[in-house]
Structures are given as C-alpha cells and as structure tokens.
Amino acid sequence: MTTTGLSRRSFLAGLGAVGAATALGGCVTSTGSQATAGGSATGPVTLQSNLSAPSAKAAMQALVDSFNKKGATQASLNTVASETFRTQLPTYLTSANPPDVLTWYAGSVARSYADKNLLLDVSEVWTGLSGYSDALKQLSTDSGKQIFIPASYYFWGMFYRKSNFAKWGVTAPTTWAEFLQVCETIKGKGVTPIGLGADNSTPWVASGWFDYLNIRVNGANYHRELLAGKHSFADPQVHKVFDQWKTALPYFDPKGTALSFQDATTNLLQGRTGMMLIGTFLLDTTPKEDVDDIDFFRFPIVDPTMPLVEEAPTDGFYASAHTQRKPHTLEFLKYLTTAEAQEAYLKSSAGSSLPANSTAKDAGTPLITKGKEMLTKAADLTQFFNRDSSDALQPTADAALIKFIQHPEQIDSILTDWQSAAKKVWTS
Amino acid sequence: MTATLTAPAAAPPSPAGPRRKRRTLSPTLLAFVLVPLLVESLWVFWPAIQGVYLSFTSWDGVSPPTMVGFGNYAELFSDPTFGKAFLDTVLWLVLFGGLSAVGGLAMAMLLLKDRRGVGFYRAALFTPVVFSLVATALIWQAIYQPNGLVNTVLGAIGLDSWQHSWLSDANTALYAVIVPALWRQIGYIMVLYLAGLKGIDPTLYEAATVDGATKWQQFTKITLPQLSSVNSVVLSVIIIDSLRSFDVVWALTRGGPYHSSELLSTYMYSTAFQSLRLGYASALAVVIFVLAFGVILTYLVRAFRDADA
C-alpha cells in the first residue's frame, strides 16, 4: 500500500464540505430561468398528450399527421401515461422549455393555471371562429381572454340495454318517482337495478351521482359555487342532496364499491345490473355487437321547477405561456379548431365523444345524436367534479361519497369531515 | 459445514511508541467509496435535505413557496387522517414486521437441513421477492375481487358468511393488503436468517445435545443469541420496508376506501401528488424518516451497549 498523502482526517473534512454544500435547500423550489414567449426556436410544435389509451393515441397521431400534410409547419406528438401527465403537469408548465401545446380539460382546472400566467392567451385563435357555441367560449375564457381550445366533449346519462328493459317491461323514466318505480320493478325481476363501479381504482364514478343530484336539487350555480369553496359541504342544501340519494341507495349494487367501472360495465352488458350512471366512454369498451343495444335516459328530474342542466366534460388543448414557437403554436391551434381536424380525430377514436366544432360530423349514431340534442337543449352545462373544482378536491369527494354509499347513516359526520378536508384544500 | 468467516485483511499495525503513523487509504478504496457516495449525495441526500427545507414551506409546485415555519407540523397533530395513517403504520410495523420476522425464521429453521428437494422450497419461497410489487398487487387484486379466488374458495367450503369485499370493506382492507406484502417479505427474511443460521457453529448444538438440552432450549439458548447480529439487520430491513411499503398498498387500494388502509407513505404520496400540498407532504416525509431513524437507532444503541457489556 503506497501512501498517497491523503489522511483520513482530510478525507473526512472533504466529506463535511460536500455535506455542507448539500444544505443549500433553497434550490429545490427555483423554477429555472423563465424565458418569455416569442423567442424563435426551430423544430416542430410539440404536442404533449395524456391520451394513452391505444385508440385515443392512434387518433391523436392521425390528427398530427393530417396537420403535417398541410404545410411547412410541423407538429410532433409525445404521449405520456395519464397519471404521470397529471402529476407532472405543473413541471411541464413551469419549465424553461415547455411543450408548446398540451391536452387537458376545461373548467377551473385550466383556469387555475391561467391565473398563474402559465397559459398562452389564444384569443386571436378565437376571433372570427364560427361553429362554437357561446357556452364553449365562456368555458374557455379566464379574465376576459381565451386560454383553452375545446376539441371534444361527451355526456353522462343513465345507460341501459334496450333489450333488457323490454324484457323486464320497463320504459325509460323521466321523473325521480318514475325512476324509483322502474328500480322496484327491476328488483322484482331479481336483477340489481342500479350498477356502480366505484372501487379504490375508480372512485370518481360516484362523483357523477353527487354532481347530478346537486344540480337537480340545488341548481348549477350552487353546484359550481360549492365546488369553488363558496359554500360549506355541511350546509343543509348539501344534506338535501344526500337525503334524495338515500331514497335510491337500496337499489344500488351492494358490491358497487368493490368493482372498477370497467367491471361494472361488464355487469351492465351481461344483464346483472339494470342501469348505470356513466359517461359515453363506456362505449369504448363495449363489444361492437352490443353497441346498438345501448341506450340512455337523462338523469331523472327531481325538482320540476329547476332548469335542466347536464354534465358535459370538455377535453381540449391549451398552450404554454413560455412557448418558444408562438406563431407556429397558434397556427397549430387554429388547425385544431377546424371541423377537418376534429373529424380526423373522431374517425380514429371509438366515436363516443362529440366534436366541439358544431359543423364537424360526429359518429352519427342515434345514441350520440340523442345526447347532442340533450346537451344543446340544456339550460346550462357543468363539467365534472374534479374539472369544476380541482384535482386536489377530488380525493376528499371520493372518501366522503364512498363512505356514504357504504354507511349512509353516518352522513352528518361524513359531511363535517368533508368540509374540514375541503377547507384545507382551499386554504392551501 | 463449518462457517468460514474471513476477517478483512487488517492494516499493518502501527509501530509501537509515541511516533504516530497516519492511517492512509488506497486510491482504489477511495474510488469505490466516493463514487457511490457522490451519487447518493446528489440523488438521495440532497433531495432529502431539500425535503426538510420544504417541510417548513407551503408550496403547490407551481407558484413560489411561502414559509410557514412549523405550521405544517402543527397541522399534523390536528389532522385525523394523519392520526389514522400513523396508527395504521404502527399496526403495519407490528403485524407485517413481526409476522415476517417470525415467519422468515420459521421457514429458515424448517429449510435449514440440506435434504433432497429443499432447494426447490427455498427457491419457491424466495420467488415472490423477485416479482415487482405492482405485478404482485395486480394478481392479488384479482384474487380479492368479490367473485375472485378467496370468496370462491370460502363459498366452496361452506363459509359463505366469511365472504367480504376484501379491498373495499373498511374493516378488512388493511389486513387484506398485508397478506401480499407478507407473502413477499417472508422469503426475503428467510434468506437473511438462513445465512445467519448457517454461520452458527454446529459443535454448539452437539455440546448442548450431550448436556441433555431439549430442542426448544437449544433454540432459545443457542440459536437466538447467535443470531443477534442478523437480528439487527433483519430489524432494520423490516422497519425500512414497513415504512417504505407503498407500492403494494397504492396498487391495491390507494389508501382507500376512505383512508381505511392509509399508511404514512400513501398519505404522503396523495398529499404531494393529488392534493398538491408539497410542503405538508414533506413534513410527513420528515416524520417517516424520524420514525425509522429513531427506532433503528434505539435498537442499535441498545444492541451495541449489550455487546460491550
């Protein structure tokens, strides 16, 4: 062993220096140099997509390919698994070299990023835009300027199999009383009337029930204000929602909170349950031969004096405020608003959603047409729980609603717990 | 088989007398130690220290953070979910840790003798360790389905009343999740104990048999004391793995239903990435670290004190 002149003491001293250097904890929250938009970088417009399901991913690629065929500006698609995308989204938007365009949802989830000046003002894409309803423009606006480009939307409803309903001798109800009557008849035939797929992996399905009951009992404005933190979950109005829900709980699938919504869809298709409150995405996993047998009815009317509001979650795109390729990005976004682009996307996907551009052709099936008519005639449109409030509030809803479904007698403590959990989200 | 433990080659003793020769380190040794240390410092220690810094802030990942001092820690004490997660973690430590240690030792004792076929059983018990915990969780999720393997078997043997929705019933969720974690951990602990058991001098057992000791006396008076060094390793492994248990719980229940199977690790994850409260989540991480470090340190201090005595 040759001596190198390095003693243990000086070795440890060096180690201590390294340790001291690591104590620079403040570096973790610095978000890097914020380059302003407009710097011209070369390269294609990057589209970061969270649509990782195979059919949706292929549809996105078809959309990008049809844009690239049109002219000199090129776009490239980067698909990320949706859970990773959701957790990484703040990082994408605050980085110095962000993706130019990102897929996401409309509602307060987009507005919260716009309020932090992370989204590009795309009002110039909206000027002179035809085929988009005022409701959609309102949805895409934050503080007077547009920050969102809607691409497609879908609807929720009580889905059932026409053949099964005919077999049981029931017709689609319109009022709550008729609905309970239909449940009673189906139960008499030995079938679970209401299916549910809200297990630990997909608990948000239960929020559909809460949303709809809230907008039927208290109206869309109360619902949106509640989700924005302007009302308390312990209010008597919210209690009324659950009292209404309790009347239908006996008809729910007792194993509803142990099944994912995919398994619940299978139960519905195989006649083990009568109907299910779900979105049109159930058609994505329905076998082709069963799709024509599926029909839906609007969520039953509870209070006839309340205007009819429906849930229509809207998906679309927004651009990062720090994009380095602003003119190309705006060009790409302009293309995404055209009927041609939306049809290109819908053609390759399962066809369960509606294009945002009303001049674009949708799948044209009777189901889709019926849904579109329902939405056009609706007095107002809400998104979904997490899109109207925030991703942070959704887990509080999941815990409260699943607990209610399993232990409805504990509703009072459930609501106070929900309010204290929600308060922490709003004040953080 | 006698154990052949070779002590590491001792450095040449320094010459006697007042002249103090400096102990030197060879450059190869330095490189082997420094390079992983550097990697660890950059990718593990530095973020961990930054986590401590973050625990004194309120940060959502997007806007600049605001300092809140000990506000996060104060909030921990009044948070019912934290209390639940803490109790669940202690329960997990005791059940998962205790059962895997006992089970691992039992399996090791059983499979100690080199009989025909023992290699197969050892490999079979160790194989779950090799599987990804998420893959394990997916398989067990199918087993725990309302019409999955467990309920079908219970129904077949006439125990219909014991059927549950194992993963979505608040009373059974936590225990249901411990089973796949235990299934994996027992194999791992068994291997650790096998290595320790093989290092025990068999002449001790022969002497004990001559003296007329029963099997149980041999176990408590010879085996257990000889395993004390392995025990400290096993304890550290168990504590660290218990507190790190995240994959299997998250993949099976995500801490649900309504926090029934919430552990400190899953609560930390959901607070950080679902509720986007990174400051509060960092405070949780610090609590987990203190818990792990504290328990291991107390045990090691006591073990070394006993060894010196």
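Q: Contact means heavy atoms within 4.5 Å. Leaving aside neighbours within four places in sequence, which residues is Arg86(A) in contact with?

A: This is a predicted model, in which local features need pLDDT of at least 70 and side-chain atom pairs count only at pLDDT 80 or more, while totals for chains, interfaces and linings use all residues. Residues are numbered from 1 along each chain as its sequence is written, chains are lettered from A and ligands numbered from 1 in the order in which they are written, and side-chain values use heavy atoms, with hydrogens and water left out. With neighbours up to four places away set aside, Arg86(A) contacts Trp104(A) and Asp391(A) in its own chain, and Phe273(B) and Gln274(B) in chain B.

Q: Where does Arg86(A) sit, and is Arg86(A) buried or exposed?

A: Helices (H or I, at least four residues) and strands (E, at least two) are DSSP runs, numbered from the N terminus. Arg86(A) belongs to helix H3 (residues 82-94) of chain A. Buried means under 20% relative accessible area, exposed over 50%, and partly exposed in between (1.4 Å probe, protein chains only). Arg86(A) has 17% relative accessibility, so this residue counts as buried.

Q: What does Ser275(B) touch, not counting residues up to four places away?

A: Ser275(B) touches Ala392(A) and Ser270(B). Ser275(B) is placed in the loop between helix H12 (264-273) and helix H13 (278-308) of chain B, and at 18% relative accessibility it counts as buried.

Q: What surrounds His223(A), with residues up to four places away again left out?

A: The residues that His223(A) touches are Asp211(A), Asn214(A), Ile215(A), Glu311(A), Thr382(A) and Asp388(A). His223(A) is in helix H10 (residues 220-227) of chain A. Its relative accessible area is 0%, so His223(A) is buried.

Q: How are aromatic pairs read, and how many are there over all chains?

A: A pair of aromatic rings is described by the distance of the centres and the angle of the planes. Rings of Phe, Tyr and Trp (its six-membered ring) pair if their centres lie within 6.5 Å; planes under 30 degrees apart are stacked, over 60 edge-to-face, and the rest tilted. The count over all chains is 52 aromatic pairs. One of them is Trp126(A) with Tyr132(A), edge-to-face at 5.4 Å centre to centre and 65° between the planes. Trp126(A) and Tyr132(A) are both buried.

Q: Why is the pair of Trp204(A) and Phe384(A) edge-to-face, and which parts does the pair tie together?

A: The planes of Trp204(A) and Phe384(A) stand at 85° and the ring centres are 6.2 Å apart, so the pair is edge-to-face. Trp204(A) is in the loop between strand S8 (192-195) and helix H9 (205-217) of chain A, and Phe384(A) is in the loop between strand S14 (380-382) and helix H17 (385-388) of chain A, so the pair ties together parts 180 residues apart in sequence. Trp204(A) is partly exposed at 27% relative accessibility, whereas Phe384(A) is buried at 5%.

Q: Which ring does Lys370(A) lie over?

A: A charge sits over a ring if NZ of Lys or CZ of Arg is within 6 Å of the ring centre and within 35 degrees of the ring normal. Lys370(A) lies over the face of Phe296(A), 4.9 Å from the ring centre. In chain B, Arg277(B) lies over the face of Tyr280(B), 4.6 Å from the ring centre.

Q: How many cavities of 30 Å³ or more does a search of the whole structure find?

A: On a 1 Å grid over the protein atoms alone, a cavity is a set of points where a 1.4 Å probe fits but cannot get out, and lining residues have an atom within 4 Å of a point. Grid points are joined across faces, edges and corners, and a volume is the space filled by probe spheres set on the points. The search finds one cavity of 30 Å³ or more, and the largest cavity has a volume of about 90 Å³. The largest cavity is lined by 13 residues, of which Asp199(A), Ala258(A), Gln145(B), Leu167(B) and Ser168(B) are the closest to its centre.

Q: What do the chains look like overall?

A: Chain A has 19 helices and 14 strands, and 54% of its 428 residues are buried. Its C-alpha trace spans about 90 × 55 × 45 Å along the principal axes. Chain B has 13 helices and two strands, and 40% of its 309 residues are buried. The C-alpha trace of chain B spans about 65 × 65 × 35 Å along its principal axes.

Definitions and conventions: 1 Å grid on protein atoms, 1.4 Å probe; cavity = no way out; pocket = protein on both sides within 12 Å on 5 of 7 lines; lining within 4 Å.
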